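Here are a few friendly notes to read alongside the model. Please keep the sequence and the 3D view open as you go.

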Amino acid sequence: MPKERRVYPKNPIHLPAGVDIHEWVQTKKEQYPNRLRVYDLDSNSYKIQYFRRELTSIGSFISCAAYLRQTNTKSIEMLEMISNVNHADYHKSMIPRGGELGPMNERERTEILLPCIEEFLTPPQTKE
């Protein structure tokens with residue numbers, strides 16, 4: 001997929017009032033303690049990798065990754081989104097071992113990548 005199709009279509013993502021990217025990422029780490037990997041890139045950006053809980057019909061996990069960048073005090077952008085379908089066990093941090101990076105086409109973007117990103121963006125209600 002071209003780079004411009006690997007950008008979150010609902011950018012910018014508005015942060016809760018009074019919350020910056022660092023506090024927002026920390027909340028996400030607490031929301032998904034076993035299924036989120038976070039890499040601090042610089043003072044206002046992160047790379048994240050999120051693992052969906054559900055397995056695919058062939059027994060593999062779906063993960064998605066993206067760069068998060070704070071654009072102003074009230075919002076962030078999600079860029080360079082990719083998905084990975086693999087047999088890794090996220091409990092063992094075996095990421096990524098093989099698998100398919102994507103999306104490779106619009107169908108995979110719609111059926112695999114965007115649902116993974118939307119699940120990650122779900123506001124915290126209870127810890128999983």
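1. Let's begin with the overall build: the protein has two helices and six strands. Here helices (H or I, at least four residues) and strands (E, at least two) are DSSP runs, numbered from the N terminus. Along the sequence they come in the order β-α-β-β-β-β-β-α.

2. A word on what you are looking at: this is a predicted model, where local features need pLDDT of at least 70, side-chain atom pairs count only at pLDDT 80 or more, and totals for chains, interfaces and linings use all residues. Residues are numbered from 1 along each chain as its sequence is written, and side-chain values use heavy atoms, leaving out hydrogens and water.

3. Now look for the disulfide (a pair of cysteine sulfur atoms within 2.5 Å). The count comes to one, and it joins Cys64 to Cys116, with 2.1 Å from S to S. This pair links distant parts of the chain, 52 residues apart: Cys64 sits in strand S4 (residues 61-72) and Cys116 in helix H2 (residues 106-121). The link is left-handed, with -80° about the S-S bond.

4. Are these two cysteines buried or exposed? Both Cys64 and Cys116 are buried. Buried means under 20% relative accessible area, exposed over 50%, and partly exposed in between (1.4 Å probe, protein chains only). Of the protein's 128 residues, 38% count as buried.

5. Finally, visit His14, which is found in strand S1 (residues 13-14). His14 is exposed, with a relative accessible area of 61%. Leaving aside neighbours within four places in sequence, His14 is in contact (heavy atoms within 4.5 Å) with Lys74 and Ser75.
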